[in-house]
Amino acid sequence: MLRKEIADIDLLDPVADLLVRLCYLRCRLFGCGTVKRRGVLGKRDSSTGYAQIFAYVAINAANYALEHGLDDAAGLGLPEDRRLDGTNEDDLYAMWLRLKRDSRFNIQMGALNLISAAEEMNGHTDFARYTPEEIQPAFTRYNARTDRITAYGKEVYGYYLRYCGHGGTKMNAEKKLTILHLDNCPYCHKARRALDELCEENPAYRGVAVEWIEEERESAAAGRYTDYYYVPTIYAGADKIFEAHPGDSYEKIKAEVKKALDAVV
């Protein structure tokens, strides 16, 4: 989720943050009653920091954590005598400033918001038994109020699978393909293009770790495999899944790459 949020930060985000600062500066100088609540000059909140989280969302996430015993007020650095109120402008700006200035706190609030989103969408937070059908709505809910899985949710789920694929567990170690190739091989270029397209079509494939071994430059590594002649050749562990042959079409190679991915997903 952080990978997606950080990657999507653009020039408009600092502008939005500046508008929030200007709004509260006007409140301080002239009173908030003189500042309209609509329009750019009345912008009281913006998604900010690494987790790109709104202050009102962070307040809700903090209150969720307190209600469910995930942390206490002292641990979160919040008032112990009351809960923050997202409709209170002093609470809102104080939270926004902290999110803006404190990166660790910003990420912490992002994590708590994701937990609360997961429970809202699935009714439980037993993450060990979450299915893909439950994980994707949780990621979607972090970004939008909708029951439909969005492109955002699918993309973040793809990153989640990719990071899990490098987790070092037995299950993730099995989610690996080795592809022997040559830099000047047109069929190898087709295989790489097919892999990219298939990962776009099905985010689950992004969780598969792929090791590309260039036969000439990495002859020692390639030497571990002795039962092939042509490249690209794809292995899942020690099992050869596919060996290309002269004349193979792009459609043929893509179908075989898909078969290899399906073998380890």
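This is a predicted model: local features need pLDDT of at least 70, side-chain atom pairs count only at pLDDT 80 or more; totals for chains, interfaces and linings use all residues.
Trainee: What makes α3 and α6 roughly perpendicular to each other?

Mentor: The axes of α3 (residues 55-67) and α6 (residues 103-122) cross at roughly 70° and come within 8 Å. Angles of 65 to 115 degrees count as roughly perpendicular, and therefore α3 and α6 are described in that way.

Trainee: Why does Lys254 count as buried?

Mentor: The relative accessibility of Lys254 is 18%. Buried means under 20%, so Lys254 counts as buried.

Trainee: Where does Lys254 lie, and which residues does Lys254 touch, not counting those up to four places away in sequence?

Mentor: Lys254 belongs to helix α12, which spans residues 250-264. With residues up to four places away in sequence not counted, Lys254 touches Ala194, Glu197, Leu198 and Glu201.

Trainee: Why does Cys23 count as buried, and what makes Cys185 buried?

Mentor: Cys23 has 0% relative accessibility, and Cys185 has a relative accessible area of 8%. The cut-off for buried is under 20%; Cys23 therefore counts as buried, and so does Cys185.

Trainee: How many disulfides does the count come to?

Mentor: A disulfide requires a pair of cysteine sulfur atoms within 2.5 Å. By this rule, the count is zero disulfides.

Notes: Residues are numbered from 1 along each chain as its sequence is written. Side-chain values use heavy atoms; hydrogens and water are left out. Helices (H or I, at least four residues) and strands (E, at least two) are DSSP runs, numbered from the N terminus. Buried means under 20% relative accessible area, exposed over 50%, partly exposed in between (1.4 Å probe, protein chains only). Contact means heavy atoms within 4.5 Å. Axes are lines fitted to C-alpha atoms, for helices over the stretch in contact, and angles run from 0 to 180 degrees between N-to-C directions. Angles under 35 degrees count as roughly parallel, over 145 as roughly antiparallel, 65 to 115 as roughly perpendicular and the rest as oblique.
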